[in-house]
Amino acid sequence: MQRWLALALLLLTIQPAYAETWDEHNKNGLAALHDGNYAEAEKEFAACRRQAEKSGARYGNYATTLINQGLLYDKKNNAAEAEKDYKEALSIYEKSYGKDAIQVSNALNGLADVYRHQKFYSEAAPLYL
């Protein structure tokens, strides 16, 4: 019996190197984004998205990934992709938490930043408010 318990404990502690979690990919993606390594950030956020999509939930990690990708695409001057990701996250947050939730304001702020960077000030201003 002790032998089986020891084996079970050993198996629980061994994790394959490829079995990184959403949290690890997200942390790595944010670090790469902060360092200006956009290719690595995009790779990590793509891994986040794949893992979040497998969960089936359209909130939480999935919406957070959309926000992070929106920021990445905004930094890469890809306004169309940034806007798409922020709008999808906004929709998810509004449905999940209501229009007054802090998550909604995060998505609105990111979307407003995209518009501001494109010099669409009249579209950005109401979102900031």
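Colleague: Lysine 119 first: buried or exposed?
Modeller: Lysine 119 counts as exposed, at 59% relative accessibility. Buried means under 20% relative accessible area, exposed over 50%, and partly exposed lies in between (1.4 Å probe, protein chains only). Bear in mind that this is a predicted model: local features need pLDDT of at least 70, side-chain atom pairs count only at pLDDT 80 or more, and totals for chains, interfaces and linings use all residues. Numbering starts from 1 along each chain as its sequence is written, and side-chain values use heavy atoms, with hydrogens and water left out.

Colleague: Where does lysine 119 sit?
Modeller: In the loop between α6 and α7 (121-128). Helices (H or I, at least four residues) and strands (E, at least two) are DSSP runs, numbered from the N terminus.

Colleague: And what is phi of lysine 119?
Modeller: Near 65°, a positive value in a residue other than glycine. Most residues other than glycine have a negative phi. Asparagine 77 also has a positive phi, near 60°. Asparagine 77 is in the loop between α4 and α5 and is exposed, at 64% relative accessibility.

Colleague: Zooming out, how many helices and strands?
Modeller: 7 helices and 0 strands. From the N terminus the order is α-α-α-α-α-α-α.

Colleague: What share of the chain is buried?
Modeller: 33% of the 129 residues. The chain exposes about 8400 Å², and carbon and sulfur atoms supply 56% of that. Areas come from the Shrake-Rupley method with a 1.4 Å probe; for residues, only the protein chains shown count as cover.

Colleague: What about contacts between residues 24 or more positions apart?
Modeller: They account for 46% of the contacts with a separation of 6 or more. Contact means heavy atoms within 4.5 Å.

Colleague: On to the inside. Which residues have the most contacts in the largest nonpolar core?
Modeller: Ala41, Phe45, Ile67 and Tyr93, in a core of 28 residues. Such a core is a set of buried Ala, Val, Leu, Ile, Met, Phe, Trp, Tyr and Cys residues joined through side-chain atoms within 4.5 Å.

Colleague: What does alanine 41 touch?
Modeller: Beyond its neighbours within four places in sequence, alanine 41 contacts Gly29, Ala32, Leu33 and Leu72.

Colleague: Now alanine 107. Buried or exposed?
Modeller: Buried, at 0% relative accessibility. Alanine 107 is in helix α6. Leaving out residues up to four places away, alanine 107 touches Ile67, Tyr86, Ala89, Leu90 and Tyr93.

Colleague: How about tyrosine 115, buried or exposed?
Modeller: Tyrosine 115 is also in helix α6, and at 12% it counts as buried. Its contacts outside four places in sequence include Phe120, Glu123, Ala124 and Leu127. Tyrosine 115 and alanine 79 are 36 residues apart in sequence, with 8.0 Å between their C-alpha atoms.

Colleague: Last topic, the largest pocket. What volume does the pocket have?
Modeller: About 150 Å³. On a 1 Å grid over the protein atoms alone, a cavity is a set of points where a 1.4 Å probe fits but cannot get out, and a pocket is an open set with protein on both sides within 12 Å along at least five of seven lines; lining residues have an atom within 4 Å of a point. Grid points are joined across faces, edges and corners, and a volume is the space filled by probe spheres set on the points.

Colleague: Which residues line the largest pocket?
Modeller: Ile67, Asn68, Leu71, Asp74, Tyr86, Asn106, Gly110, Asp113 and His117. α4 (61-75) and α6 (102-117) each supply at least two lining residues.

Colleague: How many are nonpolar, polar and charged?
Modeller: 3 nonpolar, 4 polar and 2 charged. Ala, Val, Leu, Ile, Met, Phe, Trp, Tyr, Cys and Pro count as nonpolar, Asp, Glu, Lys and Arg as charged, and the others, Gly among them, as polar.
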